[in-house]
Amino acid sequence: MIEWIISILLLIGGSFVLVGSIGLVKMPDFYMRLHGPTKATTLGMASLLTAAMIFFSTTQTGLSVKEILISLFLLLTAPVSAYMMIKSAIHHKLDSIERTKGKDNIEDDV
Amino acid sequence: MRLEAKFKWLPTPLRSLLLFIVWLLLNNSLSAGHIVLAVILAIVIPLATSLFRTKQPLILKPGLALRHLMLVLYDIITANVQVAILILGPNKNLNPGFVKVPLDLTHSLPITILASTVSLTPGTVSAEVYPWGESLTEGEEPEERFLLIHVLNLEDEQALINTIKQRYEAPLKEIFQC
């Protein structure tokens, strides 16, 4: 039974991480590419880590909770790295695709 | 908004609690020795670092903060599913856009938390806070702040701004009382 739960969690996690990577390849411009890795991977990593937590708690003695820390650090760092990347993209005036709305909302930097 | 904690020896109560929990999680144990060490670290580290940290507003409503955290975690799960569907669908159906959200928050910590939640929730990534910090002189407060966000699939700009303001900004204002 526990093997089933672990396998399902691993599959869910793997597919979300895969979708995030597909987004990275498939999207037409830099700004849209950022959406895949920042979001689709957080849930994927969370599922993989939950699977790891269940696996190590059941096969080894004692509860294994270190994985909660990894998820916490991932949740903290994902938005920050996304922000740094999009900030430098705006600074370098990277082109976004033609139909992007509200481009005049971007102000010139000092 | 309150910057100073009740007790001088405990400048950041919630961060001390976090340090305590993180230490126990890192060691993966609940033995008496580790608990004592965790308590000492949770008190000493904030005191030792308080001199070179700028004062940040304290969380004044912990219960509400916990409820907001649960809401954000739930939104992260739905965001993942929504973005996965958008990514796998055809590219030509996506209408990306930049949106400027006016902010009522004033302090840097609440704004950082808001920007991070926006990045983690459905279809939006926060890009920039206006006005630029460099364009302001020291200690000057800008009249109005904006958060520039990039939206993967922009349908209704005003509705999106309203959602962000009501769902994520209003609870933060309440939590930090600013």
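Before counting anything: I call two residues in contact if their C-beta atoms, placed from the backbone, lie within 7 Å. I also keep in mind that this is a predicted model.

**Entry 1, the A/B interface.** I looked up how many residues take part on each side. I get 40 residues of chain A in contact with 37 residues of chain B. Next I checked which elements of chain A give two or more residues to the side touching chain B, and found α1 (2-26), α2 (30-33), α3 (35-59) and α4 (66-91). α4(A) gives the most, with 10 residues. By class, I count 21 nonpolar, 10 polar and 9 charged residues on that side of chain A.

How do α1(B) and α2(B) cross? I took helix α1 (residues 13-27) and helix α2 (residues 32-49) of chain B; their axes come within 8 Å and cross at roughly 140°. Angles over 145 degrees would count as roughly antiparallel, so I log α1(B) and α2(B) as oblique to each other. The crossing is right-handed.

Then I listed who meets whom. From α1(B) I have Arg15(B), Ser16(B), Leu19(B), Phe20(B), Trp23(B), Leu24(B) and Asn27(B). On the α2(B) side they meet residues including His34(B), Ala38(B), Leu41(B), Ile45(B) and Pro46(B). I sorted the residues of this contact by class and got 11 nonpolar, 3 polar and 1 charged.

Notes
Residues numbered from 1 in each chain as written. Chains lettered and ligands numbered in written order. Predicted model: local features only at pLDDT ≥ 70, side-chain atom pairs only at ≥ 80, totals over all residues. Helix = DSSP H or I, 4+ residues; strand = E, 2+ residues; numbered from the N terminus. Nonpolar A, V, L, I, M, F, W, Y, C, P; charged D, E, K, R; others polar. Axes fitted to C-alpha atoms, helices over the stretch in contact; angles between N-to-C directions. Parallel < 35°, antiparallel > 145°, perpendicular 65-115°, else oblique. Left-handed = near helix turned anticlockwise from the far one by under 90°.
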